[in-house]
Amino acid sequence: MRSHIIGYHTTQFGELWDKSLFDLVEESILGVLKNTHIEFGDIDAIFFGNMLGGILENNLHAGAKIADIFGLTIPIFRVEGACASGGMAFHLANEYVQSGKGKTVLVIGAEKMTDVQPEYITQGLMSAASGEEQESGMTFPGLYALMARVYLKKFGYDKKNLAAVAVKNHKHGFLNPTAHFRKIISEKQALESSLIADPLGLLDCSPVSDGAASLIITTNPALIKRRKNVKILSSQVATDSISLLQRDSLIELKATQIAAEKAFSESKIKRSDISIAEVHDCFTIAELFAMEDLGFWKKGEAGRRVVQYETLKDNNGPLIINTSGGLKASGHPVGATGIKQIGELYIQLTNQADKRQIKNVKYGLAHNVGGSGGTAVVTIVGV
Amino acid sequence: MISPVKVWRRQKTIRDLLGRKGVILSWTKIFTPPPQFKHIAPYTIVYVKLENGQNICAQLVDCLDNSIVVDNKEVVVTLRKLRESVSDDVIPYTIACKLI
């Protein structure tokens, strides 16, 4: 029996100073159970995607903490894969039900990032990079800046070819009520934003956010029958070196390419069948890489095509990218991002996206990346 | 957490890199550093291919004018104290690059 997603909930993403990590976890788990009219008695296991709880809050053994909150004794697994923690949790949750270990699982991703000063977030996130990169004083904006400089030079582009991604995703985020930033920005603002890691400016970077998102996955026909649902056609994970120093190329993410090939092969659909995708735009350059490495566009084309706004909702093209606002505008609470991406596909495919609804959507793809490309998760869903 | 033993273990391996030459493949200037590097920000990091084919990333030092940092410029690996020390007072030296 194929796995189906039968419900989704997300908290507001943003600077949520009155809520702790586990306040967000509790809100989202109760939210998805309420949305689906399902009780804990139907849930066989919980998968929890989270990266920084151990580093920033000295808060590990999260499974027992969740059990404590709800009075549970079912298996609860914490999954960590840097910014792909949510996608990895989803992948394992799907494998769990496909193995027959359980029929219905809840998968949640959450992160609490705004309690500490930005430099400590920078340091915590760098735990997902190599020791050599850490000891040089490198940051994640810096790693993507190194890649951006090579890409822009090789294909003759400039910062305008990056700014278009931020402008588009903020336009989409404006329509998403749970997005961190519901603010339209101009190309001029994007280009003039203060430098974070040259050539990347503030508006090339996804924000530091709090948030949680949950999905319910099941193979139980009785639960699928009476609920809005989408089929999981494939969920694939690929890995690569943690360090940029070991890569043959600085203008592509091999893990994305491998995961995408496997996902399209397993789902037996073509790239042209996909009409919406949530791709991992942690930095504007990352969306360009994603479009090429997922195989939607040829290598080197993305810089040219993003400035034509082909994937903006208003332009009604065959493929719309990041209707949630992406990481850029929707926010990037790292453990929650991979779940929110798939949740956005669920909302779109079940016609619940209100003002940002894309018409006649049958297939969607989610792409979640950990680190500078050391992990990639590609998920394809359909109705 | 960086323990004195971790610093000692790492410093045994970086000495092989000292004095090696290479070329800059890419570079960035960091304006939002981790806390141990806050006192020297902003600073430039270069991604370098060494003569032996190995890639490294390291801060560019002794270069006050960043406008002269360009791809394919030659650099040499040197040793510097860049991070602030931890409470154990072990001085964590690391590699850096100088333009030739």
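A salt bridge is a side-chain nitrogen of Lys or Arg within 4 Å of a carboxyl oxygen of Asp or Glu. With that in hand, I counted two salt bridges between chain B and chain A. In one of them, the side chains of Glu135(A) and Arg10(B) meet at 2.8 Å, N to O.

A note to myself: this is a predicted model, where local features need pLDDT of at least 70 and side-chain atom pairs count only at pLDDT 80 or more, while totals for chains, interfaces and linings use all residues. Residues are numbered from 1 along each chain as its sequence is written, chains are lettered from A and ligands numbered from 1 in the order in which they are written, and side-chain values use heavy atoms, with hydrogens and water left out.

Next, I looked up the interface. I found 28 residues of chain B in contact (heavy atoms within 4.5 Å) with 26 residues of chain A. The two chains bury about 2,400 Å² between them, 57% of it on carbon and sulfur atoms; buried area is the accessible area (1.4 Å probe) that two parts lose on being put together, summed over both. Pro35(B), Tyr47(B) and Cys57(B) supply 22% of the area that chain B buries against chain A, more than any other three residues.
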